[in-house]
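Work through the following exercises with the sequence and the model open side by side. Each task is followed by a solution that goes step by step.

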Amino acid sequence: MSLYAEFIQEREGFSILEDDDSFVTYRLQGDECYARDIYISPRIRGDKLSFLLGRQVYEKAKDAGCKHFISSVWVDDPGKYRSVAMLTRFGMKMLKEENGLLYFIKEIE
């Protein structure tokens, strides 16, 4: 685990799946899993990689007994259309807009 991952876990309660080129932050809490940040290095960026990272977190949530998988996109994010398209392909539905974030949800089966 990187020093940054330790910091995020200690300070914010989020776990991180990471490698040299990508990471995703997420929190398992009760029956929900919230995937907050997915980042892929620009040199290897593509929807398939973010989909695979999301799938890894989804499986962790499923194994932990979570019922809902939630993610969000900043309204002002320049890549928001690509992010929303990826979440939609992942089977997520728009839940709400709140404080500049679009929230999406998927039931865990």
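**Exercise 1. Find the bridge partner of Lys-96 in strand 6, and describe the pairing to which it belongs.**

Lys-96 has Tyr-103 as its bridge partner in strand 6. The model is a predicted one, in which local features need pLDDT of at least 70 and side-chain atom pairs count only at pLDDT 80 or more, while totals for chains, interfaces and linings use all residues. Residues are numbered from 1 along each chain as its sequence is written, and side-chain values use heavy atoms, with hydrogens and water left out.

Strands here are DSSP runs of E with at least two residues, helices are runs of H or I with at least four, and both are numbered from the N terminus; two strands pair if DSSP finds at least two bridges between them. Finally, look at the turn, where two residues lie between the strands of this hairpin and Asn-99 takes a positive phi near 50°.

**Exercise 2. Decide whether Ser-72 is buried or exposed, and list what surrounds it.**

Ser-72 belongs to strand 4 (residues 68-74). Ser-72 counts as buried because its relative accessibility is 11%, where buried means under 20% relative accessible area, exposed over 50%, and partly exposed in between, with a 1.4 Å probe and protein chains only.

With neighbours within four places in sequence set aside, Ser-72 is in contact (heavy atoms within 4.5 Å) with Tyr-34, Ala-35, Arg-36, Leu-101, Leu-102 and Tyr-103. Of these residues, Tyr-34 also makes a side-chain to side-chain polar contact with Ser-72, at 2.6 Å; such a contact is a pair of N or O atoms within 3.5 Å, and within protein one must be able to donate a hydrogen and the other to accept it, while residues adjacent in sequence count only if both atoms are side-chain atoms.

**Exercise 3. State the volume of the largest pocket, and work out which elements line it.**

The largest pocket has a volume of about 520 Å³. A pocket is an open set of points on a 1 Å grid over the protein atoms alone, with protein on both sides within 12 Å along at least five of seven lines, and lining residues have an atom within 4 Å of a point; grid points are joined across faces, edges and corners, and the volume is the space filled by probe spheres set on the points.

Of the 21 lining residues, Ile-38, Tyr-39, Asp-77, Gly-79 and Ser-83 are the closest to the centre of the largest pocket. Strand 3, helix 2, strand 4 and helix 3 each give two or more residues to this lining, and the largest share, six residues, comes from strand 3.

Notes: On a 1 Å grid over the protein atoms alone, a cavity is a set of points where a 1.4 Å probe fits but cannot get out, and a pocket is an open set with protein on both sides within 12 Å along at least five of seven lines; lining residues have an atom within 4 Å of a point.
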